Amino acid sequence: MPPLREVLLAPLFRDVEDYDCRLVELDRDATCGDIVHAVARELRLRRRDLALVGARGGAAGAPARFHAKEPPVAFMQVKGVHSLAGLPASLRVKPRRRAALTLQQALQIQKELLGAYGDEVFVTMMMEAQRECRERWRREGSFNSKDYSDLMKAALELAQGTVLPKWGYEATAQGMLQMQFHFAPWDPLPEIQTNVDIINHKIGFDYGWIGLDDGGERPRDRRFGRDGRLKMLYLYGGGCNAAVADMQCANVFRDSPMYANMEISVFEAPHEAAVTWHVSPIMQQQLRQFGETVYLYYERVPYANCQREIWEGIDDSLKALKDHFRRKGPYDGVVGFDMGGEVLLQAARLQQEGDPGFSGMFRFMVLFTAATARHLSNCERPRAPLQIPTLLSWANNDENHPYTMFEESALFIEEGFREVVLHSSGHNPPRLSGLTSAPIAERLTRFLEAMWTGAPWTPGVHPDGEWARGLGLPVARLPSGPAPGGTPRRLLVVHDPMGPHDYKLKIQRLEEAVRQGHLPGPESATLYARCGVPDVVGSARFDLEISTLTSEAFRARAYEGMSVDAVEYSEEQRSYDWHVRDDEVLNGQMKKEDLILHGHHEASANSVARHLLNNIKLDARDRIGVVGLGTGAFIAFTLAKIVVTEERAPLIGLWLVDPPTRLPSATTKQQGRLATCPVSVLIHESSIVGPAWCYETATRGPYVHSTFSRLDEMVRTVVDSFWSLCSEAACKAQELDMARRARQEAEERVWQEAEREAEGRRRREAEARVGREVAAAERTRLRASAVAWHAAAAQWGGPSAGRSRGTVPCRTCQGATVLEPRDG
């Protein structure tokens, strides 16, 4: 019953005079108890001596005493007073808000709600809502929990209306939210959670009625947990333990409506280490509250994010995981964070490749902050896109890994099987409590509901995953195309337009931080004892050398018959800032030179590239190779796309040295823009930059990712590769020409053979036609002869012809009668 703005009060058991009535103005949510409190205050009486009486259901209802938490009706009588003369003519009453609930009060509310949800009217309405939902979901072929929530709203308000007002809450969604806020301090207690599970089951919000109330059995291909719950396995991050994992799972899933339908267990890593494995003292202190021992699924050797990062010990973890699945599987799904998620990506790869130890052991994944093995790692990368429903979530402000690692993992999941959810919790599983996390929790819940019900699931359309639309790894590679032989070989070097950037200042600051102990120096990992630390100072020195490198180094190494051309930037182009500001670099393992994010840079790069091409003046017979250095790699990439798209000259290859690894979506949105042009990305060995998927997805031709330890080594690699590809392209051109001639000769032979067959067919058809005409003429002659013979026979028979012995059909004239004489 909605609250009223005005209530008329009168004394009980007395003929009411107009002057003894008082008008009460109520604020929103005010109850009978609030009125009694105000009257007792004004008349200086005890509240317990007063009560309100009114007619429930309108004027026709029987008078009854209202309890304190009920909303009042339009006319109320005050029991316990003889007169209201002491009240002002108009009284304003404000509601007294409940500030908190004791544990006993919370348990009592749950008990009363359970009783209300057993009412026959409520149960009838609930069963009708469930029936309607089942019919709708079968008809539409998809599950949507909002349908059931909407249909149950009226039934829930009816049942809650008999309980909540007694405790000072409205029987509305707002009242329920207020009550849940007061329940929050008691939520972790087992007795409260047990009652929550019982209530959710009783009102159908555990969705256990799906399939069961239709007379069916529980599905055999899912919901392997107790009581039909989702059975899930959690793998934590490196240097953690099961106690940390329990906390992480609670942070992620506890506030989801699906939490009551999940049964989560933890897979303990096989490699033991001390908490001092972590380099950071702060991390050590945070983890000590969970114990001195932590565990690893593998060790990152020599250090995390290395271009040649080896996952030492992952085979032991995969073997232990297989054994766990054999003993306790199958599971509905698996959840992995950081190192645990990376183990699960390997398990999913092996499952798709038919490994019997993983086949059928899980059917979906939830991955937080999980990377794929690097190109130069000891672990294999997926040979085909993984076709397993996967929700991938990470924070672009991660402190431990470049977020392009997580983007690459998403690309290895086939587009129709992946959903990307970004959060802002850094290098942690997301905490899905509070209003800011509500959209993330809603998308996670939608995914889990589909996995639980078995309803068809398709990834939602959301800006978080828009950058990956139409992209995927691995790319089906094709051989590079041929180029005309005997033509000029031109290597175009696109150096860094921004020169040395601010690397000199950066190097000074890093060296000072290392000297003062604020930054750890380079250190290789000690197996299961101490994680490694990269050489950030050495990496910055390499960045400086690459940014100041020119075409002269390549010209000095060039072969005879190869020309090396340099580009010339204008003053305006040299002053253009391609990268983000320092305060826009949110990731702890990325630098601003790794990022070109804003969309307008794509148009700027296109303008600069066309300006450079006009100055170079390419010939259609040239065999072109393009080298991009540092930021110049972005311009070189754009220039190569123009050459390929407009077919200005045969592009033999593209070499990108320490390029930016995150480009605008406008640059990367189309896969295969470089056709079959070979692309090579060269990274200095001390770099911790993330994967260059922007360039790997840009070509359907050969792709190579390599490292170098010295500049002269890199220059030699580029020059030798270009020379080799030119020779290879010329050979391919000759082979293609020979193949084209052979194909033309074969086509000529086939055409001649077809002509001969057609001529023979025409000749045979003509002979058959003549034969048919001759046969027809012969039949005509025979028919005429038979008619003449019949006429002669009739004349020979004379008058006795009518007394013939019998008649027989004539086979020659088709129906004429042959007369036989009586005597031979």
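Analyst: On one side of helix H9, Asp 315, Lys 319 and Arg 326 are exposed, where exposed means over 50% relative accessible area, buried under 20% and partly exposed in between, with a 1.4 Å probe and protein chains only. This is a predicted model, in which local features need pLDDT of at least 70, side-chain atom pairs count only at pLDDT 80 or more, and totals for chains, interfaces and linings use all residues. Residues are numbered from 1 along each chain as its sequence is written, and side-chain values use heavy atoms, with hydrogens and water left out.

The buried residues of H9 are Ile 314, Ser 317, Leu 318, Leu 321, His 324 and Phe 325. They lie on the same side of H9 because they cover an arc of only 120° around the axis, the arc being that of the directions from the helix axis to the C-beta atoms. In general, an α-helix has 3.6 residues a turn, so residues three or four places apart point the same way.

The cover over the buried residues of H9 includes strands S7 (230-235), S9 (271-274), S12 (310-312) and S13 (333-337), together with helix H10 (339-352). Helices (H or I, at least four residues) and strands (E, at least two) are DSSP runs, numbered from the N terminus.

As for length, H9 has 15 residues (314-328) and should span 21 Å at 1.5 Å a residue; its end C-alpha atoms are 21 Å apart, which agrees. The expected span is 1.5 Å times one less than the number of residues.

In the chain as a whole, there are 21 helices and 24 strands, and buried residues make up 48% of the 824 residues.

Terms used. Contact = heavy atoms within 4.5 Å.
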